[in-house]
Amino acid sequence: MPILSRTNILNYLINLYKYESYLEIGVKNPSDNFDLIKIEKKIGIDPNKDVKCTFNMISDEYFKSLKNDEKFDIIFIDGFHVEDFVYRDIKNSLNVLNKDGTIVVHDCNPPTKWHQRSYDEYLLEEGPWNGTVWKAFVKCRFELNAFMTVINEDWGCGIIKETNVSNKLNSSEDLNLDKCLQWNYFCNNKETILNLISSNEFFKTFS
């Protein structure tokens, strides 16, 4: 089984579900992913004025600018890797997602505590940075009546799909949101918390 990248996953889902419209939040380097997405309509947003994309603005502003009838089949979230921002991006994306659409969230599975360090720490010590995207994804697992999973490839690619089959996490003494947002507990239980799957399981689940 080849190692999956975010691009492979997105193009696979586009082809599988015959999607026609795509939104990417956080383009950064178009040649890394955006330019490689094979779809009829695609829009990319990034707040950096030096990034060549459809709109240079923050995601909050972009969502506010959308007309009521403007929606997308698949949305890729790879913007500012901080919990509050990612959480808003997920919620805003759900509001403009077509029926049977899919949201893909990058950086959901940081391999070490260092990879999920704060933004200020990242500025002092650059290098791979997943931030606290995982916390936003985990929070949504306790809130959304949707099918959610994370593919254990490319820093963890989270999938959110509103279907009749929900795997929402239910709070209990052993598994509750407060515990799940603690790094050590998360690390020891991430297979359950993230519904972590392999590439093989991804193709079996989405086929």
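**Ground rules.** I number residues from 1 along each chain as its sequence is written, and I use heavy atoms for side-chain values, leaving out hydrogens and water. Because the model is predicted, local features need pLDDT of at least 70 and side-chain atom pairs count only at pLDDT 80 or more, while totals for chains, interfaces and linings use all residues.

**Entry 1: salt bridges.** I looked up salt bridges (a side-chain nitrogen of Lys or Arg within 4 Å of a carboxyl oxygen of Asp or Glu). The structure holds five. One joins Asp78 and Arg6, with the closest N and O atoms 3.9 Å apart. Asp78 sits in the loop between β3 and α3 and Arg6 in helix α1, so the pair ties together parts 72 residues apart in sequence. Helices (H or I, at least four residues) and strands (E, at least two) are DSSP runs, numbered from the N terminus. Arg6, Asp78 and Asp154 form a network of salt bridges.

Next I checked Asp60 and Arg88, whose closest N and O atoms are 2.8 Å apart in a salt bridge. Asp60 lies in helix α2 and Arg88 in helix α3, so this pair ties together parts 28 residues apart in sequence.

**Entry 2: Asp73.** I found Asp73 in strand β3 (residues 72–77). Is Asp73 buried or exposed? Asp73 is buried, yet has no salt bridge. Buried means under 20% relative accessible area, exposed over 50%, partly exposed in between (1.4 Å probe, protein chains only). The nearest side chain of opposite charge is Lys41, 8.9 Å away. Lys and Arg count as positive, Asp and Glu as negative; His and the chain ends are not counted. The Asp73 side chain does make a polar contact of 2.9 Å with the side chain of Asn98. Such a contact is a pair of N or O atoms within 3.5 Å; within protein, one must be able to donate a hydrogen and the other to accept it, and residues adjacent in sequence count only if both atoms are side-chain atoms.

**Entry 3: Lys161.** Lys161 is in strand β6. Lys161 is also buried without a salt bridge, and Asp100, the nearest side chain of opposite charge, is 5.5 Å away. Which side chains make polar contacts with Lys161? I noted Tyr19 at 3.1 Å and Thr102 at 3.3 Å.

**Entry 4: helix α5.** Eight of the nine residues of α5 (residues 133–141) are buried, so the helix is largely enclosed by the rest of the structure. Among the buried ones are Trp134, Phe137 and Cys140.
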